[in-house]
Amino acid sequence: MDHTATTVASPAMEQRHHRLSQLSRHIGGSAVPKADHGGVRSADVQGANAGAPRFVAPSEDRTNQVMRANHIARALPKTELHLHLDGSIPPSFICRAARRRGIELPAEPHLPAYIDELRAADAAQRPGDGQKTMEAGKNWGIFDWMCQFLQTEWELEEGTKALMQSLAEDNVFYAEVRFCPELHTLEGLGLDQIVAAVCRGLAAGCAATGSAIRGGVIVCCLRSFAPEHSLEHAQLAHRFLGKGVLGFDVAGDEHYMLSIHEEAFKYCSAHGVPCTAHGGEVMAESDPTAMLANLELALDLGGQKLMMPKRLLP
């Protein structure tokens with residue numbers, strides 16, 4: 001929804017503005033926010049920018065509105081509960097890894113815009129709503145591009161460390177970093193080596209911030225891969241549980257039914273591995289029957305919490 005067109009201030013909006021103005025003064029709202037470090041995280045200050053006019057006085061110009069929204073968003077303590085490692089590594093790290101690999105990229109200040117162009121081009125090639133957007137046994141192209149910089153132990157460890165430090169700079173105090181180890185085996189690393197490297201990087205990043213941030217790793221399988229793949233990754237999550245790993249998840253194109261990976265979830269349930277699974281909210285409108293089948297399976301497997309898309313709620 002585009003909030004930039006909002007011009008009428010209701011009493012509720014005025015009351016909310018008053019509360020946020022007080023918060024802004026408390027955290028130093030007149031200060032200029034530090035420069036955005038960029039990145040392709042799904043939850044960064046750009047999300048705050050989109051709704052900025054709702055947080056500021058109507059008399060302020062657009063530049064001040066954005067600056068104030070940025071400052072508020074950065075200063076508030078935050079959590080990241082759905083953070084893809086291969087979609088979130090900072091531009092500064094990508095540039096370092098690219099130099100080591102001899103890959104030519106735009107200068108760091110221009111890298112986020114370049115990645116946005118790649119992401120848009122990748123999305124434009126996908127089928128429309130109601131169809132699978134990921135071929136069986138494959139991943140989305142933009143993530144494959146990012147994963148080329150996460151294929152060695154050094155890259156996995158340093159990339160995760162850089163991510164945690166970047167999050168702490170944005171006042172994130174807790175983060176769950178999710179990734180699929182299978183995608184990082186292109187240069188010969190084993191699955192256990194990969195998970196161990198990411199766990200080391202996460203611990204190092206937390207330590208480098210003086211424990212300003214903490215968190216853990218969620219091992220993912222891909223929905224578009226075979227059942228053997230998901231079971232192997234569920235077992236992998238079990239081996240590292242309590243050693244940096246928090247649980248198991250299934251990621252990727254949600255048009256692939258959850259039942260494909262039923263054995264993996266049963267394994268986790270039997271071995272005490274916490275799980276999270278997207279039940280198919282993408283199919284809420286295109287295929288409600290399939291979505292309900294996913295939800296029923298999740299409940300049968302012991303699911304305890306359910307979040308429904310707003311458009312399905314009364």
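Biologist: Two strands pair if DSSP finds at least two bridges between them. Which residue in E2 is the bridge partner of lysine 78?

Modeller: Valine 172. This is a predicted model, where local features need pLDDT of at least 70, side-chain atom pairs count only at pLDDT 80 or more, and totals for chains, interfaces and linings use all residues. Residues are numbered from 1 along each chain as its sequence is written, and side-chain values use heavy atoms, leaving out hydrogens and water.

Biologist: How many bridges join E1 to E2?

Modeller: Five, and the two strands run parallel. Strands (E, at least two residues) and helices (H or I, at least four) are DSSP runs, numbered from the N terminus.

Biologist: And what is the strand order in the sheet?

Modeller: E1-E2-E3-E4-E5, an open sheet with parallel pairing. Strands E1 (78–84) and E5 (275–277) are the edges, each pairing on one side only.

Biologist: Switching to aromatics. How many pairs are there?

Modeller: Four. Rings of Phe, Tyr and Trp (its six-membered ring) pair if their centres lie within 6.5 Å; planes under 30 degrees apart are stacked, over 60 edge-to-face, the rest tilted.

Biologist: What about tyrosine 114 and tryptophan 145?

Modeller: Their centres are 6.1 Å apart and their planes at 65 degrees, so the pair is edge-to-face. Tyrosine 114 is in helix H5 (111–124) and tryptophan 145 in helix H6 (141–147), so the pair ties together parts 31 residues apart in sequence.

Biologist: Is tryptophan 145 buried or exposed?

Modeller: Buried, at 18% relative accessible area. Buried means under 20%, exposed over 50%, partly exposed in between (1.4 Å probe, protein chains only). Tyrosine 114, at 28%, is partly exposed.
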